[in-house]
Structures are given as structure tokens and as C-alpha cells.
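Please read the following note alongside the sequence and the three-dimensional view. The points are numbered so that each can be checked in turn.

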Amino acid sequence: MSITDLVNGKTKVFGIIGNPIEHSFSPILQNTVAKEMGENVAYVPFKAESGEVKTALEGAFRLGICGFNVTVPHKKEVMESLVAIDDLALKIGAVNTLKYTENGYKGYNTDILGLGKCFDIEGISIKGKTVVILGAGGAANSAAILAAEREAGNIVIVNRTKANGQALKEQTARYYNGNIDVISFDEIMNIENPEIVIQTTSVGMGEGVWASPVENTLFFKKVQAVVDIVYTPWQTKFLSDAKERGCVAINGFDMLIYQGLASYEIWHDVKIDDEKSKELRNELADYYTAKR
Ligand code: ATR
């Protein structure tokens, strides 16, 4: 492949803003998708310091950069720099996708779409079910609003720091009429019917780490499906324990892929069909696991 196949005068530039950004998988993901879809795109990482996101985006807009993903720690800070914010992103209180518009960037949240897709692929409905969310950080917000949007029967937030759990409960209750409990990990065995569990803590994350936020694996006996947002290691202890107890166990890599595909669809006004999505997912999963 020659350089003219990669970048030329008509190339549309996209990127991801975060800090740190060196370990992001998004450049590989987005450049692979663009190539497969036949778009002339270059997607690059941009490191921005906290407090400087607004200035960075003003420059980016003037340069005509077509869109961004936004990652840790800027998903909230970026909201003050946008000319419009999609309703779903407003509910979640975080933005991970920016699209160039005439007057400035518009913000979206595709993390929630990626998480929702994980359930859709497995044909798992959330409606009327007890959804247990482990953790109350940024990723838990998307999980809680997904549960609310899909009319979960009730929501249980399990978190180490009760105050953070309470804050997530208050944010979610603005959009959800069902019951929301906030409990500690010690109380997890008391949940009556934990049908769906979404693991959003950083416990178990990291090469060679083998830890789970759920100590007693009998917990999984009544669980139908779990999603772990962690994907390094590929199979976490949490996922492995859940699988052993017969649950559908969904790896966080799928959420990463489907949030990326949803961002791509927003930027290019296209729909990537299920078959193509699966093909891209498998190609990227092969690449990711081969690199480990
Ligand atoms: P993200 O934005 O990726 O969700 P985050 O905002 O830093 O990351 O949130 C990390 C979550 O993991 C938090 O809910 C945190 O619990 P606290 O609210 O008590 O800080 C949770 N977490 C991190 N380490 C943990 C541990 N060792 N045990 C239990 N929960 C942990």
C-alpha cells in the first residue's frame, strides 16, 4: 500500500481527545472501519490537558476537523464547548462523540449505544428485569440510563463508596420511576433476583490481573446475563465466574467496538448493517487478541 492510499488532499480528519491517549484502541478501530467502508479518512490521537479542551476544540473547528471521540477524563468537561448536545447524552451527563456542524461541534453519547448493542446481539431484553450495576463512576452512568430507557423493573447500584452510589441514584431517578437501591458489596447476596449484571468498576482490569468485585460466585446462580466493561484481560475473573455458573457473559470489547461503530455512523450518516458490524468486530477482535 502506498502513502497516497492513506492520506491525500481530500482526506477527512477525525480524532480522539483524552489524557493519556497512547493506549487507545480507537485509531486502529476507526481507521479499519473507514478503510473497509471505502471512506477517505485519517483518525488520529490527540492529547489534551484538563482545562484546555475548549481551546483545543476552537482550534480544531477552525481547522475543519470533522469529528472526535472523547475519552477519559474529558467526557464531562467537553460539554461546555459544544453548540448542541443530543438528548441521550444530556441524560447521561457525558459526551463521547463530537460531530462538526456549521457553528461548532454537536455532542453525542455512543457508549450507551455500544452497551445496548451488547444486549441486542445476544437477544437479551432488560424490560421488567432487575438490573444490578457494579460501580458508580462514569461508565455506570451509561449503564443506569440504559436500564432506565429500556424500562428495567428495578435497579440496584452496588458501590464501595456509598455517596457516589447515591449521586448516581439521584441522576438516574430524574429519568426513571422504578425503585433504585444503593448497597455495598457486602450486601450483594441479599439481592432477590439479580437477572442482569453490568460490571463497571476497574476491579479485574490489567494484564495478568485476576480479581473480581463479586467474591461469592453463588451470586451468579440466578443471573441471566453479565457484561463486564473491562476487556484487558480478555476474559476477566468476573466473566469466567459468571460463565461457569451458566450466565451469558459479554466481554467489554464488544461495547468498545459498537460505541465506535455508532460514532462512525453519526459522522458519516450511514448505517453499518449487522453482518458488516459482526465482520468488523471479528476482524478487530482477532487483531486485538493476536497483539496480546
Ligand atoms: P469510569 O469512568 O471508567 O467508570 P471511574 O469514574 O474512576 O471510572 O469509576 C471507577 C469505579 O470503580 C468507581 O465506582 C469505583 O468505586 P468508588 O466510587 O468507591 O471509588 C470503582 N472501584 C475502583 N476500585 C475499586 C475497588 N478496589 N473495589 C470496588 N470498587 C472499585
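1. Helix H5 crosses helix H6 in a right-handed manner; a crossing is called right-handed if the near helix is turned clockwise from the far one by less than a right angle, and left-handed if anticlockwise. The axes of H5 and H6 (residues 162-173) come within 10 Å and cross at roughly 40 degrees. Such axes are lines fitted to C-alpha atoms, for helices over the stretch in contact, with angles from 0 to 180 degrees between N-to-C directions. Helices (H or I, at least four residues) and strands (E, at least two) are DSSP runs, numbered from the N terminus.

2. The model is a predicted one, in which local features need pLDDT of at least 70 and side-chain atom pairs count only at pLDDT 80 or more, while totals for chains, interfaces and linings use all residues. Residues are numbered from 1 along each chain as its sequence is written, and side-chain values use heavy atoms, with hydrogens and water left out.

3. Which residues make the contact between H5 and H6? On the H5 side they are Ala140, Asn141, Ala144, Ile145 and Ala148, and on the H6 side Leu168, Gln171 and Thr172; contact means heavy atoms within 4.5 Å. By class, this contact has five nonpolar, three polar and no charged residues. Here Ala, Val, Leu, Ile, Met, Phe, Trp, Tyr, Cys and Pro count as nonpolar, Asp, Glu, Lys and Arg as charged, and the others, Gly among them, as polar.

4. H5 also packs against H4, at an angle of about 60 degrees and with the axes 9 Å apart. H4 and H5 are therefore oblique to each other: angles under 35 degrees count as roughly parallel, over 145 as roughly antiparallel, 65 to 115 as roughly perpendicular and the rest as oblique. The crossing of H4 and H5 is right-handed. Asp111, Ile112, Leu115, Gly116 and Phe119 of H4 meet Ser142, Ala143, Ile145 and Leu146 of H5. Six nonpolar, two polar and one charged residues form this contact.

5. Leaving aside neighbours within four places in sequence, Phe119 is in contact with Ile124, Ile126, Leu146, Arg150, Ile196, Ile198 and Val227. Phe119 and Ile196 are 77 residues apart in sequence, yet their C-alpha atoms are 9.9 Å apart in space.

6. Ile196 is also among the residues touched by Thr130, together with Asn154, Val156, Ile191, Asn193, Pro194 and Glu195, when residues up to four places away in sequence are not counted. Thr130 belongs to strand E7 (residues 130-134) and, with a relative accessible area of 10%, is buried.

7. How many salt bridges does the model have? The count comes to 14, where a salt bridge is a side-chain nitrogen of Lys or Arg within 4 Å of a carboxyl oxygen of Asp or Glu. One of them joins Asp120 and Arg150 at 2.9 Å, N to O. Asp120 lies in helix H4 (residues 111-121) and Arg150 in the loop between H5 and strand E8 (154-158), so the pair ties together parts that are 30 residues apart in sequence. Asp120 is partly exposed at 42%, and Arg150 is partly exposed at 26%.

8. A further salt bridge pairs Glu149 with Lys91 at 2.5 Å, N to O. This pair links distant parts of the chain, as Glu149 is in helix H5 (residues 138-149) and Lys91 in helix H3 (residues 87-92), 58 residues apart. Glu149 is partly exposed, with 39% relative accessibility, and Lys91 is partly exposed with 24%.

9. The helix pair H1 and H9 (residues 274-291) packs at an angle of about 135 degrees, with axes 11 Å apart. That angle makes H1 oblique to H9. The crossing of H1 and H9 is right-handed. Among the residues in contact are Ile28, Leu29 and Glu36 of H1 and Lys276, Glu279 and Leu280 of H9. By class, the contact has seven nonpolar, one polar and four charged residues.

Notes
Buried < 20%, exposed > 50% of the residue type's maximum accessible area, 1.4 Å probe, protein only.
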